[in-house]
Amino acid sequence: MKRIEVEQRAILIGLAGSHGYGLNRPDSDYDYRGVFIAPKRYYLGFDKIEQKDTGWDEPGILPFLDGNQDTVIYELRKLLNLLSGANPNVLELLWLPTYPLITKTGQHLINHRNIFLSKKVKHTYSGYAFAQIKKMETHRKWLLNPPTKKPVPSDFDIEAESPLSKDELNAFLEYLYLLIRDKIEFLEASEELYKLLTADIDFKGLLKQYTLPDQTLKYTQNLTNSRKDFIRLLQRSQSYQIALREWKAYQSWLKNRNPSRAEMERKSGYDLKHGMHCIRLLRSGLEILQTQEIIVDRRIAGDVEDLKAILSGDYTYEQLMQMAEDLVKQMDAVYVKSTLKSQPDLEEINNLCIELVEMQSWG
């Protein structure tokens, strides 16, 4: 859809990012997040759209979005799916302090925002926080022990044959995932394992991200009717592709990182922005479990100066990691006592979706 069509059907656009958190500096970018309801053809026909995140140089009707590349406006159904999954970035959209655009339909959505809160926030907020930690650890490793050369197949005992390509690896691992999933599906005692395999954890992504451990190779060989030498080549090719991916990521990091951020990272020994977001996410998750509300603006939450101190490098890496560990322990304790429901009511969310679409009118 063209920008002007999305803006005409937008029900809510909020100012997110550093401005939403109260952590913005004079040179901070403006991050806008919003919701629109697509017309009838996208609901009943073959056309599909999930979000608008490009094309802000096109003609539009909202001047504050002109040329802004940090803008994402979600189609309603995509947004509701993310909200029901307790996605932290999207949940925040309904609690932002500033909305440059809000319609009667958008206000109706905000009035019902609490139906999306559940105990799932413990897992999603801590999961997003751990993703920040993972980035910090990767950058810290590059700072303290940077790669010295591009990996080659011989580093992984691949000599006579060529390593499997990324596409070949992914095709085989996709096949392996389907075999495992189907094998478990029909075992009655493994129903919960099957649900876990297909829903809550991205096992397919894990298979593609990590090298198969030695203890799984024989089982994999038998399950897939593969040759032993092929399975060994598969494992070595995985290690090679993972090392190559890290080398490329390292080169991109060296080339593209912000100079001032890089200097702060060099002095402190870790990425301060990732560290700040890690703590912000854990504190927000803890607050939701305790209060059943989301405080996006950290000035209201009362820890904005502390978060700024992290950004200034006032905490060592060890202090920050201890802070994160303590917050996780608090979340574990509060989770048990929290009065939030375990899962959101999908029927209630479905009914809200119908209400919002009917309020907007399809046109």
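Predicted model: local features only at pLDDT ≥ 70, side-chain atom pairs only at ≥ 80, totals over all residues.
Me: Why is Glu75 called buried?
Reply: Glu75 has a relative accessible area of 1%, and because the cut-off for buried is under 20%, Glu75 counts as buried.

Me: What makes the pairing of Glu75 with Arg77 a salt bridge?
Reply: The side chains of Arg77 and Glu75 meet at 3.5 Å, N to O, and because a salt bridge needs a side-chain nitrogen of Lys or Arg within 4 Å of a carboxyl oxygen of Asp or Glu, the pair qualifies. Arg77 itself, with a relative accessible area of 32%, is partly exposed.

Me: How do you know whether Arg227 is buried or exposed?
Reply: Its relative accessibility is 55%, and since exposed means over 50%, Arg227 counts as exposed. Its salt-bridge partner, Asp229, at 2.9 Å, N to O, has a relative accessible area of 47% and is therefore partly exposed.

Me: Why is Thr220 called buried?
Reply: Thr220, which lies in helix α11 (residues 217-224), has a relative accessibility of 3%, and because buried means under 20%, Thr220 counts as buried.

Me: What makes the side chain of Thr220 and the backbone oxygen of Thr216 a polar contact?
Reply: A polar atom of the Thr220 side chain lies 2.8 Å from that backbone oxygen, and the cut-off for a polar contact is 3.5 Å, so the distance falls within the limit.

Key. Residues numbered from 1 in each chain as written. Heavy atoms only, no water. Helix = DSSP H or I, 4+ residues; strand = E, 2+ residues; numbered from the N terminus. Buried < 20%, exposed > 50% of the residue type's maximum accessible area, 1.4 Å probe, protein only. Polar contact = N/O pair within 3.5 Å; in protein donor to acceptor, adjacent residues only side chain to side chain.
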